[in-house]
Amino acid sequence: MPLRRLLATVVLFSLAAASAHGELLIRITEGADSAIPISVVPFAESGAIPPGDKVSNVVQSDLTMSGEFRTLSPEKMLSLPSKREEVFFRDWRLLGQRYVLVGGLTRSADRVQARYELFDVNTEERILGETAAAPASNMRSLAHHISDKVYEAITGVRGAFSTKLAYITLDTFNGKPRYRLQVSDVDGKRARIRLESEEPLLSPAWSPDGKKLAYVSFETGKPVIFVHELSSGKRTKIADFPGLNSAPAWSEDGRSILMTLSKDGNAEIYRMDLQNRQLTKLTSHWAIDTEASWDHTGEGLFFTSDRSGGPQIYHKKSTGAEPRRITFGSRYNARPRPDNDGKYVYYVHQRDRAFHIARTNLKNGEETVLTRTESDESPSVSPNGRMLIYATKHGGSSVLTVISADGGAAYSLPASEGDVREPAWGPLAR
């Protein structure tokens, strides 16, 4: 992208800002053949439960979106139990269900308490039973919490439904482009604008505590890296060197950020200590080195380089080690994003003039193309490693698509207005 000289009008929004003109929509595009059948029975209600999204509906939607579960419509249920003594396991076995979730909601003053139980239909055992509460104004968070607990009880892996997405939307206003940095729930709901600009916004990256975003803004006519505190809206310019300032990526401890700088003439990867702004140069080569991200150890890094004649993925086991090329399956592989356990690295892969999302098994080098769409970019791995979000084209518009990590299921999150791109999946709560 060429450097621009036009100044931008930037409008900051606090946490109380209105939502975007439209939240991301949700469209299930493909299910997994191996999905586990589960019934989320509508929760019984006592007291003045707020209208709107029902907790059980949100839980059902969350589990379906993961691609690992196939939920039963309430219209097909033979009964609607809310506690164990009302559950007739024979009926649920006749319906082909493996698990059934039941529960109830009780309103007390300004809080709602949820009591819920998860049963294994085959063994007739309760595998989860808890209570949780939330303000009556925050029912969706309560529902996402329940989804996380159910997901973990069945799979043994922490759920990621209570995490957040950051992304960039682009539309026009009064004939001018309008870029918006937005944050939403993982299902696209409760979207909030954090920054608006007439100039491009790129590469949002979450801090490990989920309290800050780093990103690239062209508001001064050139790419500059900012860190943005979400609670206060405070922005800090951290990289405004001559030339390119791009591709921020946080360290696991949140004390430093990887970035690509061309201040000395060539694009190289640096690490900046956020306390003293000291820079450490991590690559030194005549080629372009960019798009770095830390590996699961926090000691090594993956990055994109054209030192072999075209963009490929490289890995350094430590900041001082020699880079090792990882990808060989095509002439173009870029934007590496590793998982959290060191098993896979995901990236953009070109094949037959189309761009897909692929992954390489880091133990045996096996490459797998995961997507069937043709203009894919910007992959981001969920913090539990079970899902992947990326930007692609659908019907001429840019949308976000989430797939299971093996590519077996998918749902898309198109914007109700304009294009949506540059997704970044937030961290798990600590």
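Predicted model: local features only at pLDDT ≥ 70, side-chain atom pairs only at ≥ 80, totals over all residues.
Let me start at Val 150, which, leaving aside neighbours within four places in sequence, is in contact (heavy atoms within 4.5 Å) with Ile 38, Leu 63, Leu 101, Leu 118 and Leu 128. Residues are numbered from 1 along each chain as its sequence is written, and side-chain values use heavy atoms, with hydrogens and water left out.

Val 150 belongs with Leu 101 and Ile 146 as the residues that have the most contacts inside the largest nonpolar core, a set of 28 residues. A nonpolar core here is a set of buried Ala, Val, Leu, Ile, Met, Phe, Trp, Tyr and Cys residues joined through side-chain atoms within 4.5 Å. Buried means under 20% relative accessible area, exposed over 50%, and partly exposed in between, with a 1.4 Å probe and protein chains only. Which elements give two or more residues to this core? They are β3 (36-40), α1, β6 (99-108), β7 (111-120), β8 (125-135) and α3 (139-155). The largest share, seven residues, comes from α3. Helices (H or I, at least four residues) and strands (E, at least two) are DSSP runs, numbered from the N terminus. A second, separate core has 18 residues, including Leu 24, Leu 165, Ala 191 and Leu 428. In soluble globular proteins, nonpolar side chains tend to be buried together.

I turn to helix α1, residues 55-65, where eight of the 11 residues are buried. Among them are Asp 62, Leu 63 and Met 65. Just after α1, Gly 67 takes a positive phi of about 80°.

Asp 62 and Met 65 also line the second largest cavity, together with Ser 66, Ala 160, Phe 161, Val 186, Met 387, Tyr 411 and Trp 425. On a 1 Å grid over the protein atoms alone, a cavity is a set of points where a 1.4 Å probe fits but cannot get out, and lining residues have an atom within 4 Å of a point. Grid points are joined across faces, edges and corners, and a volume is the space filled by probe spheres set on the points. The volume of this cavity is about 30 Å³, and the whole structure holds two cavities of 30 Å³ or more. How does the lining divide by residue class, and what is the charged count? There are seven nonpolar residues, one polar and one charged; Ala, Val, Leu, Ile, Met, Phe, Trp, Tyr, Cys and Pro count as nonpolar, Asp, Glu, Lys and Arg as charged, and the others, Gly among them, as polar.

Pro 383 lies in the loop between β28 (377-381) and β29 (387-394). Is Pro 383 buried or exposed? Pro 383 counts as buried because its relative accessibility is 16%. Beyond four places in sequence, Pro 383 touches residues including Ala 160, Trp 425 and Leu 428. Its C-alpha is 8.0 Å from that of Asp 339, 44 residues apart in sequence.

Finally, the whole protein. It has three helices and 32 strands. The radius of gyration, taken over C-alpha atoms, is 23 Å, close to the 22 Å that the globule rule gives for 430 residues, so the protein is as compact as a globular protein of that length; the rule is 2.2 Å times the number of residues to the power 0.38. Buried residues make up 53% of the 430.

Conventions: 1 Å grid on protein atoms, 1.4 Å probe; cavity = no way out; pocket = protein on both sides within 12 Å on 5 of 7 lines; lining within 4 Å.
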